[in-house]
Amino acid sequence: MPNGSSDADLAPEQDREAHKRHRVLFRAVARRKNPKLRRTDITVTDERVVKRAVKAAALGNAMEWFDFGIYSYLAVTIGKVFFPGGSDTTSLLSSFATFAVAFLVRPLGGAYFGPLGDRIGRKKVLALTMIMMAVGTFCIGLIPSYAAIGFGAPVLLIVFRVIQGFSTGGEYGGASTFIAEYAPDKKRGYFGSFLEMGTLIGYTGAAGIVLLLNTVLGDETMLTWGWRLPFLIAGPLGLVGLYLRIKLDETPAFQKFEAARTHNAAGSVVEAEAEFSHLSENAPKKKLGEIFAQQWPTLILCIALVGAYNITDYMLLSYMPTYLTDALHYEESHGLLILLATMVVLMFVISTVGKLNDRYGRKPLLMTGMLGFFLFAIPAFLLVKQGSLVAVCAGMALLGLSLVCLLGTMSAALPALFPTSVRYGSLSIGYNLAVSLFGGTTPLVITALMDAFDKNVMVPAYYTMGAALVGVIAVACMKETAQQPLEGSPPSVATKEEAVELITAQTQEPRF
């Protein structure tokens with residue numbers, strides 16, 4: 001996480017008071033420099049508050065994706081436990097089909113949680129999604145096997161996967177909106193990159209635990225009861241994530257609306273209602289229609305970007321261990337160990353990518369990642385196909401370096417596509433539609449295509465190239481948003497010097 005004072009240096013109440021004093025000070029400076037500037041024309045962030053918000057959002061995200069990643073890394077075992085009979089491919093396809101079910105309900109979760117987050121607050125919705133994910137994952141660990149209760153076992157598995165998927169529908173849009181609305185304009189890429197670091201931490205934790213259990217318990221014990229342990233861990237981890245999210249402060253925009261709503265001065269209430277109409281109680285019904293009617297071109301762009309990004313993401317972080325085990329006949333522990341090493345490397349460089357996209361722009365980093373997958377997918381899979389440890393690691397490095405350009409940039413680029421009034425809802429809907437259609441189906445589609453083309457182990461490379469080509473076109477069509485205010489929001493700066501500089505630049509000297 002970013003360096004700086006610890007959370008104990010300044011209590012949350014003192015943080016908020018200091019933040020308010022800074023904003024009052026610079027409103028006065030702004031008005032002296034330019035009397036026409038409105039009181040919301042510049043937001044001065046408090047770095048301690050921003051860091052705490054980023055920590056809580058990223059760590060909560062790590063807990064959420066730990067829960068979700070467990071299923072990916074136990075797909076082969078789950079196929080045998082809940083879908084016995086038939087060939088190994090049939091069991092694996094059934095397991096991945098259940099994996100995809102969770103993604104089919106994600107758009108519903110996004111459509112529900114997005115407007116809800118605008119109405120009752122980001123903090124409450126993020127806590128609610130954490131509870132639902134932890135409950136769904138914990139209950140999967142309690143389901144009896146197919147051998148014990150028959151057809152009821154896969155039915156219960158699907159039910160709890162639906163709960164997981166519905167809760168995850170409110171996760172990315174809420175967490176990325178939360179961080180984007182807190183971060184200063186010139187550091188949004190850097191702070192946003194920690195959200196995806198949380199994703200990597202969650203996946204790494206899940207892969208590490210599955211690897212440890214496979215090594216210690218062995219295949220037979222894992223098949224009998226060992227597979228349950230990672231799911232049961234989700235219970236206490238969910239409580240940790242819930243605590244972190246309850247400790248979050250709301251974004252400044254929502255705090256301001258809440259304060260104005262309880263204020264006795266009619267003028268303040270009217271002004272707040274006009275400025276924050278997107279947060280009103282009737283917003284969910286109105287905004288869904290507005291999103292599809294007015295934001296459809298941007299929604300299509302968002303779906304294209306996220307679709308390409310998620311195909312490459314889930315291909316590498318979710319499907320690759322199964323590919324190494326099922327298609328190339330690696331030891332399951334070896335495949336997980338290689339992926340684990342890859343994700344650790346990505347965690348070390350992702351914040352650097354965040355800084356780079358702040359400095360050079362979102363589009364250059366996104367284009368680098370998309371072109372990397374398009375140009376290096378075939379060489380990477382040919383290296384993996386060779387089978388030696390060095391070749392496999394080299395192939396994974398090519399794919400991982402391409403992916404980290406997307407991971408470190410998307411969380412800053414996507415919220416900036418939409419104006420403040422519809423950001424949470426639009427991003428939640430667009431993101432989850434793309435993930436539902438393309439991301440969650442990636443393991444299922446690749447497995448089915450490989451089976452259809454006589455176990456051709458290069459199918460994942462061709463599928464990745466097709467997704468990357470769509471991504472290249474989408475990146476070319478998007479606007480550059482680095483170092484710029486979020487659409488519909490005032491400029492956000494990190495220091496008083498930056499605020500004065502911005503005010504001075506905006507103030508025109510009188511001409512005679």
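## Overall layout

Among contacts (heavy atoms within 4.5 Å) in the chain between residues at least 6 apart in sequence, 84% join residues at least 24 apart. Keep in mind that this is a predicted model, where local features need pLDDT of at least 70, side-chain atom pairs count only at pLDDT 80 or more, and totals for chains, interfaces and linings use all residues. Numbering runs from 1 along each chain as its sequence is written, and side-chain values use heavy atoms, with hydrogens and water left out.

The chain has 22 helices and 2 strands. Both are DSSP runs numbered from the N terminus: helices are H or I with at least four residues, strands are E with at least two. Of the 512 residues, 57% count as buried, meaning under 20% relative accessible area; exposed is over 50% and partly exposed is in between (1.4 Å probe, protein chains only). The accessible surface comes to about 20800 Å², with 64% of that belonging to carbon and sulfur atoms. Such areas come from the Shrake-Rupley method with a 1.4 Å probe, and for residues only the protein chains shown count as cover.

The mean pLDDT of the chain is 79, and 79% of its residues reach 70 or more; pLDDT is the predictor's confidence in each residue, from 0 to 100. Over residues 1-12 the pLDDT stays under 50, and the model has 19 contacts beyond four places in sequence for them. Residues 21-40 are also below 50, with 31 contacts in the model beyond near neighbours in sequence. Where pLDDT is low, the predicted coordinates should not be read in detail.

## Salt bridges

A search of the whole structure turns up 4 salt bridges, each being a side-chain nitrogen of Lys or Arg within 4 Å of a carboxyl oxygen of Asp or Glu. One of them pairs the side chains of Glu181 and Arg423, at 3.6 Å from N to O. Glu181 lies in helix 9 (residues 171-182) and Arg423 in helix 19 (residues 423-439), so this pair ties together parts that are 242 residues apart in sequence. Both Glu181 and Arg423 are buried.

Another joins Arg188 to Asp185, with the closest N and O atoms 2.5 Å apart. Here Arg188 is buried at 4% relative accessible area, and Asp185 is buried at 5%. Then there's Asp451 with Lys455, whose side chains meet at 3.5 Å, N to O. Asp451 is partly exposed, with a relative accessible area of 39%, and Lys455 is partly exposed too, at 45%.

## Ser176 in helix 9

Back in helix 9 you'll find Ser176, which is buried with a relative accessible area of 1%. The side chain of Ser176 reaches the backbone oxygen of Tyr172 at 2.7 Å. Setting aside neighbours within four places in sequence, Ser176 is in contact with Leu195, Ser411, Pro415 and Leu427.

## A nonpolar patch on the surface

Out on the surface, Tyr146, Phe151, Val155 and Val159 form a nonpolar patch, with about 370 Å² of accessible area together. Patches are made of residues with over 30% relative accessible area and no salt bridge; like charges are joined within 9 Å, and nonpolar side chains (Val, Leu, Ile, Met, Phe, Trp, Tyr) within 5 Å. Tyr146 sits in helix 7 (residues 146-149) and counts as partly exposed, at 34% relative accessibility.

Key
A polar contact is a pair of N or O atoms within 3.5 Å; within protein, one must be able to donate a hydrogen and the other to accept it, and residues adjacent in sequence count only if both atoms are side-chain atoms.
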